[in-house]
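Subject: Structure handover and findings

Hello,

Here is the structure for your files. My notes follow below it.

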Amino acid sequence: MTGAPVLVAGRRTPIGNAGHGFADLTVTDLAAPVLSAVLAEVRAGGIEDEVDDVVLGNCLGPGGDPARVAALRAGLGTHIPGVTVDRQCGSGLDAVLQAALRVRAGQDTLLLAGGVESASTAPWRFWPPTGDADPVRYTRAPFAPPEFPDPDMGVAADDLARLRGIDRGRQDEYAARSHALAAAADFSAEIVPIGSIARDQRIRAGMTVERLARLRPSFGADGTATAGNSCGISDGAAVLAVTTAERAAGMPALRVLGGAVAGSDPALPGLGPVEAIRKVLHRTGVGVADLGVVEITEAFASVVLAVADDLAIDPSRICPQGGAIAMGHPWGASGAILLVRLAHRMARADGPELGLAACAIGGGQGIAMIVERVS
């Protein structure tokens, strides 16, 4: 495994509530400071290789290759390229996976990879007018062609809950756990402050089951997804350095054992991670019981619970310091945030040996990665 890629120096911004703390900051403003911080940590660890590429996931940015723009803003030099990846909510994780595959192939030795999203400054988008009609604004691109179902994610989460019998009480219980764990956690070691903001904005203590039960359904009167058991719309960025084990010797690192993507029913995008996780477990020979920690993007409580039920994952191992329900979900960055969370938890003296990160993706896709702590 000497050529296996490893992840080091994972850092992230605080996660901001859209329209609030980072309301005026673009994807470049968010990503550049994290790129700089990660590269500084890499250099302090003795890795002197030139950066081969910057690979960032992003969903709703202005176009123009935000990864390259952020690399320039970060002062990496005009000779450092950048490429932007769009796999919607799995973009940040896919960016790191692509970087890891390039290191595994022996083509590159050091890449900076992750994701960034600014829902606050995402440009408005319009379909071109037809005849005398006015342009029609749309808030998201189609996830599937017209002959396929293409529900909004909240509606799909309600449908999934009904299909799998995951009632409101169970969702609120899971959400209360996420809120409580995040409120009790100290994330300062992984955060690059942005201006005066140094902590995640959405986290609130005291979000009990009783308080959550008072919230109204968000996506239909008979639904069970609410503002309390679903993620918030958010801004943020996360980056890790991807290199070889030899170069990272002496630094806390995670070895990338494998990754996988999979397609699933567009009507139930919340089940996307199931097949991706099964695929990566098969590829790596790792069993569910071997996983010490599992980070799944908590877009909706019903999604996490359905995935856990299908794969028999011990719920206590899922997002043990809370997740997107409590912290927020900056779409293009969230998959990379999962890896930053794994890196800092697994690096502790009592940290688990194996971890998994996974995301559900609109349109019926899933992505997953298994990492191993490097002793």
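Where does Q88 lie? Q88 sits in the loop between β4 and α3 (91-104). Helices (H or I, at least four residues) and strands (E, at least two) are DSSP runs, numbered from the N terminus.

Two notes on the source. This is a predicted model, in which local features need pLDDT of at least 70 and side-chain atom pairs count only at pLDDT 80 or more, while totals for chains, interfaces and linings use all residues. Residues are numbered from 1 along each chain as its sequence is written, and side-chain values use heavy atoms, with hydrogens and water left out.

**Backbone phi**

Most residues other than glycine have a negative phi. Q88 has a positive phi, near 50 degrees. A9 also has a positive value, with phi near 60 degrees. A9 belongs to strand β1 (residues 5-12). A9 counts as buried because its relative accessibility is 6%. Buried means under 20% relative accessible area, exposed over 50%, and partly exposed in between (1.4 Å probe, protein chains only).

**Around β3**

Strand β3 (residues 53-57) is mostly covered, with five of its five residues buried. Both of its faces are covered. D53, V55 and G57 are on one side, and V54 and L56 are on the other.

β3 pairs with two strands that I checked, β5 and β4. Two strands pair if DSSP finds at least two bridges between them. β3 and strand β5 (residues 110-118) run parallel and are joined by five bridges. In that pairing, D53 stands opposite L111. β3 and strand β4 (residues 82-85) are also parallel, over four bridges. There, L56 stands opposite T84. From β3 the chain crosses through helix α2 (residues 66-73) to β4, and this β-α-β crossover is right-handed. Right-handed here means that, with the strands pointing away from the viewer, the path from the first strand over the helix to the second runs clockwise.

L110 is in strand β5. L110 counts as buried, at 0% relative accessibility. Leaving out residues up to four places away in sequence, L110 touches V42, R43, I47, D49, E50, V51, D52, D53, A241, V242 and T243. Contact means heavy atoms within 4.5 Å. A227 is 117 residues from L110 along the chain, and their C-alpha atoms are separated by 40 Å.

**Helix packing**

Axes are lines fitted to C-alpha atoms, for helices over the stretch in contact, and angles run from 0 to 180 degrees between N-to-C directions. Angles under 35 degrees count as roughly parallel, over 145 as roughly antiparallel, 65 to 115 as roughly perpendicular and the rest as oblique. A crossing is left-handed if the near helix is turned anticlockwise from the far one by less than a right angle, and right-handed if clockwise.

- Helix α1 (residues 27-44) packs on α2 at an angle of about 55 degrees, with the axes 8 Å apart. The two are therefore oblique to each other. α1 passes α2 in a right-handed crossing. The contact is made by V27, T28, D29, A31, A32 and L35 of α1 with P66, V69, A70, A71 and R73 of α2.
- Helix α4 (residues 153-164) and helix α8 (residues 301-311) cross at roughly 40 degrees, and their axes come within 9 Å. This pair is therefore oblique. α4 passes α8 in a left-handed crossing. A157, L160, A161 and R164 of α4 meet S302, V303, A306 and D310 of α8.
- Helix α5 (residues 168-184) and α8 cross at roughly 95 degrees, and their axes come within 9 Å. α5 and α8 are therefore roughly perpendicular. R170, Q171 and Y174 of α5 contact A301, S302, V304, L305 and D309 of α8.

**Around β12**

Seven of the nine residues of strand β12 (residues 365-373) are buried, so β12 is largely enclosed by the rest of the structure. Strand β9 (residues 254-263) runs antiparallel to β12, and nine bridges join them. V256 has V371 in β12 as its bridge partner. Strand β11 (residues 354-361) pairs with β12 in the antiparallel sense too, over eight bridges. A357 stands opposite M369 in β12. The hairpin of β11 and β12 has three residues between the strands, and G363 takes a positive phi near 90 degrees there.

Best regards
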